[in-house]
Amino acid sequence: MKRWSTSSSVVVMIAAGVMAVALATASAQAAGLKIAVVNYLALVQASPQAKAAIATLRGQFLPKQKHLQAEAKDLKARQQKLQRNEATMTQDQVAQAELDLREKAEAFRREQTTVEDALNNRRNELMSKVQKTLVDVVQRYAHQHGYTLVLSSDGVIYSDGALDITPALLKELKGGSSH
């Protein structure tokens with residue numbers, strides 16, 4: 001009896017794998033499965049719901065960010081003024097000015113952290129709502145159009161462009177379907 005080489009075994013395993021995929025595809029087609037692909041990232045970026053969430057964030061946090069920028073500029077100006085005038089100041093005046101500067105810098109850092117935390121929390125809250133809306137729209141669209149399976153294109157190595165329902169979903173989202 002002849003022994004199989006390792007390369008022969010690999011060829012047989014690959015052939016068996018190809019046959020299994022072909023059979024699975026054929027059985028899916030025979031079962032009448034309807035499959036679609038969605039570019040979820042494009043859906044998120046182009047959806048009016050995500051754009052509205054971003055606009056809401058800007059409206060809520062842009063004034064706070066501008067305020068923080070002004071505070072940072074003021075701190076820098078105070079520090080430069082102290083450095084310029086340090087030679088003409090008494091030791092007590094320098095110590096007091098340095099203390100004031102440290103206290104203002106610490107208050108600034110606390111305020112900055114508070115604003116960043118609030119921004120992150122609000123962003124997460126809004127994007128969670130957007131994601132729920134997108135999933136609901138995808139599921140409703142798939143059900144209405146008889147899809148058995150909808151895959152995210154992120155995990156798909158190849159798909160025929162005809163399977164991509166992203167444009168149709170964007171149309172649904174822009175049509176005001178935001179549950």
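**A charge over a ring**

The charged end of Lys 34 sits over the ring of Tyr 147, at 4.6 Å from the ring centre. A charge sits over a ring if NZ of Lys or CZ of Arg is within 6 Å of the ring centre and within 35 degrees of the ring normal. The model is predicted: local features need pLDDT of at least 70, side-chain atom pairs count only at pLDDT 80 or more, and totals for chains, interfaces and linings use all residues. Residues are numbered from 1 along each chain as its sequence is written, and side-chain values use heavy atoms, with hydrogens and water left out.

**The aromatic pair**

- The structure holds one aromatic pair, where rings of Phe, Tyr and Trp (its six-membered ring) pair if their centres lie within 6.5 Å.
- Tyr 141 and Tyr 147 form this pair, with 6.3 Å from centre to centre and 20 degrees between the planes.
- The pair is stacked; planes under 30 degrees apart count as stacked, over 60 as edge-to-face and the rest as tilted.
- Tyr 141 and Tyr 147 are both buried (under 20% relative accessible area, with exposed over 50% and partly exposed in between, for a 1.4 Å probe and protein chains only).

**The chain as a whole**

- The chain contains five helices and two strands, which are DSSP runs numbered from the N terminus (helices: H or I, at least four residues; strands: E, at least two).
- Read from the N terminus, the order of elements is α-β-α-α-α-β-α.
- Of the 179 residues in the chain, 21% are buried.

**Helices H3 and H4**

- The axes of helix H3 (residues 48–85) and helix H4 (residues 91–144) come within 10 Å and cross at roughly 170 degrees.
- H3 is therefore roughly antiparallel to H4, a term for angles over 145 degrees, while those under 35 count as roughly parallel, 65 to 115 as roughly perpendicular and the rest as oblique.
- Asn 120 is found in helix H4 and is partly exposed, with a relative accessible area of 35%.
- The C-alpha atoms of Asn 120 and Leu 57 are separated by 9.8 Å, although these residues are 63 residues apart along the chain.

**Thr 166 and Asn 39**

- Thr 166 is placed in helix H5 (residues 166–174), and its relative accessible area of 5% means that Thr 166 is buried.
- A polar atom of the Thr 166 side chain lies 2.7 Å from the backbone nitrogen of Asn 39.

Methods: Axes are lines fitted to C-alpha atoms, for helices over the stretch in contact, and angles run from 0 to 180 degrees between N-to-C directions. A polar contact is a pair of N or O atoms within 3.5 Å; within protein, one must be able to donate a hydrogen and the other to accept it, and residues adjacent in sequence count only if both atoms are side-chain atoms.
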